[in-house]
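Please look over the structure below before reading on.

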Amino acid sequence: MPYSSSLTDKEWVLIEPLLQKKKTTCPTKWSKRQILDGVLYQLKNSCNWSDLPKDLPPYSTVFWHYKQ
């Protein structure tokens, strides 16, 4: 777990079934867990979206999913 806001494996097992299953037309580069970790990082640290660490998905991807 690289950040204190990152999900543990036990938390992920509980949350994953609640996320929408979406038809994928092409393989995604980022997993749902990585995107959710990005959202949680931003919410916990109250940073700008563009200040997300580089090992998380790009802020535009994370923010788009957050808005959905």
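Where is the place of Trp64? Trp64 is found in helix H3, where helices (H or I, at least four residues) and strands (E, at least two) are DSSP runs numbered from the N terminus. This is a predicted model, in which local features need pLDDT of at least 70 and side-chain atom pairs count only at pLDDT 80 or more, while totals for chains, interfaces and linings use all residues. Residues are numbered from 1 along each chain as its sequence is written, and side-chain values use heavy atoms, with hydrogens and water left out.

**Helices H2 and H3**

- The axes of helix H2 (residues 32-45) and helix H3 (residues 59-67) come within 9 Å and cross at roughly 85 degrees, the axes being lines fitted to C-alpha atoms, for helices over the stretch in contact, with angles from 0 to 180 degrees between N-to-C directions.
- H2 is therefore roughly perpendicular to H3, since angles of 65 to 115 degrees count as roughly perpendicular, those under 35 as roughly parallel, those over 145 as roughly antiparallel and the rest as oblique.
- On the H2 side, Ile35, Gly38, Val39 and Leu43 meet Thr61, Val62, His65 and Tyr66 of H3, where contact means heavy atoms within 4.5 Å.
- The residues of this contact of H2 with H3 divide into 5 nonpolar, 3 polar and no charged; here Ala, Val, Leu, Ile, Met, Phe, Trp, Tyr, Cys and Pro count as nonpolar, Asp, Glu, Lys and Arg as charged, and the others, Gly among them, as polar.

**Aromatic rings**

- A search of the whole structure finds 4 aromatic pairs, that is, rings of Phe, Tyr and Trp (its six-membered ring) whose centres lie within 6.5 Å, with planes under 30 degrees apart counted as stacked, over 60 as edge-to-face and the rest as tilted.
- The rings of Trp49 and Tyr66 form a tilted pair, because their centres are 5.1 Å apart and their planes stand at 45 degrees.
- This pair links distant parts of the chain, as Trp49 is in the loop between H2 and H3 and Tyr66 is in helix H3, 17 residues apart.
- Trp49 is buried at 17% relative accessible area, whereas Tyr66 is partly exposed at 43%; buried means under 20%, exposed over 50% and partly exposed in between (1.4 Å probe, protein chains only).
- Ring pairs also join Trp49, Phe63 and Tyr66 into a cluster.

**Gln42 in helix H2**

- Gln42 is found in helix H2 and counts as buried, with a relative accessibility of 10%.
- The side chain of Gln42 reaches the backbone oxygen of Cys47 at 2.6 Å.
- Leaving aside neighbours within four places in sequence, Gln42 is in contact with Cys47, Trp49 and Leu52.

**Ser46 and Asn45**

- Ser46 lies in the loop between H2 and H3 and is exposed, with a relative accessible area of 63%.
- Although Ser46 is not a glycine, it has a positive phi of about 50 degrees.
- Most residues other than glycine have a negative phi.
- Asn45, in helix H2, is partly exposed at 41%, and its C-alpha atom is 8.7 Å from that of Ser5, 40 residues apart in sequence.

**Trp64 and Pro58**

- Trp64 is partly exposed, with a relative accessible area of 39%, and its C-alpha atom is separated by 16 Å from that of Cys47, 17 residues apart along the chain.
- Pro58, in the loop between H2 and H3, is partly exposed at 38%.

Conventions
Polar contact = N/O pair within 3.5 Å; in protein donor to acceptor, adjacent residues only side chain to side chain.
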